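Morning, everyone. Please bring the structure up on your screens, and we'll walk through it together.

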Amino acid sequence: MANPMTPAQWRAALKAEGVPFTELDGWTARGRDAATGKIFGPVNGVLNHHTAGRDSLRAIAYDGQNGTLPPPLAHAYLPKSGRLVLVADGRANHAGLAALNSFNAILAEKAIPKPSKASGTVDGNDRLYGIETENLGDGNDTYTRAQYDTWVRFNAAICRHHGWTAGSAAGHLETSVEGKIDPRGPVEGYGKRGRFALTMKQLRADIDERLAHPASWSPAQSTPQQEVTLTGPSYINLGLTHGYQLAPGSWDEIGFTEEWSDELGQHSTSGEVFAVGPVRFTGTLSLRLEGLPVGDVVQVRMSEWEGSTQKALHPIHEVIGTEGGTYSVVPLLKRLPAGRSMRVRLLNLSAGGIEVASAVLTALIWKES
Ligand SMILES: [Zn+2]
């Protein structure tokens, strides 16, 4: 039998676990115990929810839900900032009816089966702590890093206080007999982990990892990626006014003589440079070659320059001669650092000269800063 935490125990447990929190006025006297004549506790677990809305503190603490469900709607509210708000320490309207089979699994800290109404029901509001985490629940809205970190700490603080494992932490979707889907949605990241989809399995794994350490522990963080600001995309579309001859055996930069569009103005007067760093671009080069014998090869690659010095050569794409003219589309996708410019070059590996009849470069370019 576990008695619900007292306000002093709440404060101590959250503080020890490193949970940033504030206390909403009156939270230690807020609960549905008196109104329902039912006492909160003994407690057997933590039920996790998403709010399915924004800025829900008012509704959770004061207004309730649609006039049908009186407040409080949870013990704690966790907004995107990651700073938890203690709302109530008494009975709260968050769980509704929990399927008995799921509830018993939480009690035993075992894998939670699909909730079955036929197994019977328990009033979850009598027995479970509830936390409402701010998220639209549309599958796109993202839990912030700070929010998820606090979420793990909050569950761990309660489990540690009661001597529970993460098996005592459940999601509303795991107990509900009314088809609740919360909590769900993408998480920005946690520790060294990047973006991932929230699952109760993962949340429990992260809670258990905390519980294996002292309460003061923090997960190792990956070095934060440097923020890159991208402007654009700008459009560039270049081509050839006339075809030109390509002699065998030596690399030759394509000089684009036709400029249909160049929104960034990076296409050089010589015609060869089409992008200047720092940029990121994606596009294609469409080629038509005449006179390339069937099976013979023309190689295509991007070359990176600093002024008039060639600094890097990018992988080769091979264009193979086909009957009745040779057509090929070469993908262009690169990140080009500051001070570098990009060109495209061709190498005719055939024995004789050929004609580059058409070369059309189409790309979207983002400026980096
Ligand atoms: Zn819920």
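Let's start with the inventory: the protein has 8 helices and 22 strands. Both are DSSP runs numbered from the N terminus: helices are H or I with at least four residues, strands are E with at least two. Two housekeeping points. Residues are numbered from 1 along each chain as its sequence is written. This is a predicted model, where local features need pLDDT of at least 70 and side-chain atom pairs count only at pLDDT 80 or more, while totals for chains, interfaces and linings use all residues.

Now the overall shape. The C-alpha trace spans about 95 × 40 × 40 Å along its principal axes. The radius of gyration is 31 Å, while a compact globule of 369 residues would have one near 21 Å. That radius is taken over C-alpha atoms, and the globule rule is 2.2 Å times the number of residues to the power 0.38.

Next, the domains. Domain 1 covers 7-211 and domain 2 covers 230-368. These bounds come from an automatic or database domain assignment. The C-alpha centres of the two domains lie 57 Å apart.

Which order do its 6 strands take? The order is 1-4-3-7-2-8, in an open sheet with mixed pairing. Strands 1 (21-23) and 8 (169-171) are at the edges with a single partner strand each, so one side of each has no neighbour in the sheet. Pairing here needs at least two DSSP bridges between two strands. Look inside the sheet: strand 3 (76-78) and strand 7 (128-133) run parallel, joined by 3 bridges. Tyr 77 has Glu 132 in strand 7 as its bridge partner.

Now a hairpin. Strand 17 (297-306) pairs with strand 18 (309-313) in the antiparallel sense, over 4 bridges. Trp 305 stands opposite Gln 310 in strand 18. The hairpin has 2 residues between its strands, and Gly 307 in the turn has a positive phi of about 60°.

Last stop, Thr 241. Where is it? Thr 241 sits in the loop between strand 11 (230-239) and strand 12 (244-246). Is Thr 241 buried or exposed? Thr 241 is exposed, because 10 other C-beta atoms lie within 10 Å. The cut-offs, with C-beta atoms placed from the backbone: buried is 20 or more others within 10 Å, exposed is 12 or fewer, and partly exposed is in between. Thr 121 is 120 residues away along the chain, and its C-alpha atom is 78 Å from that of Thr 241. For the whole protein, buried residues make up 38% of the 369.
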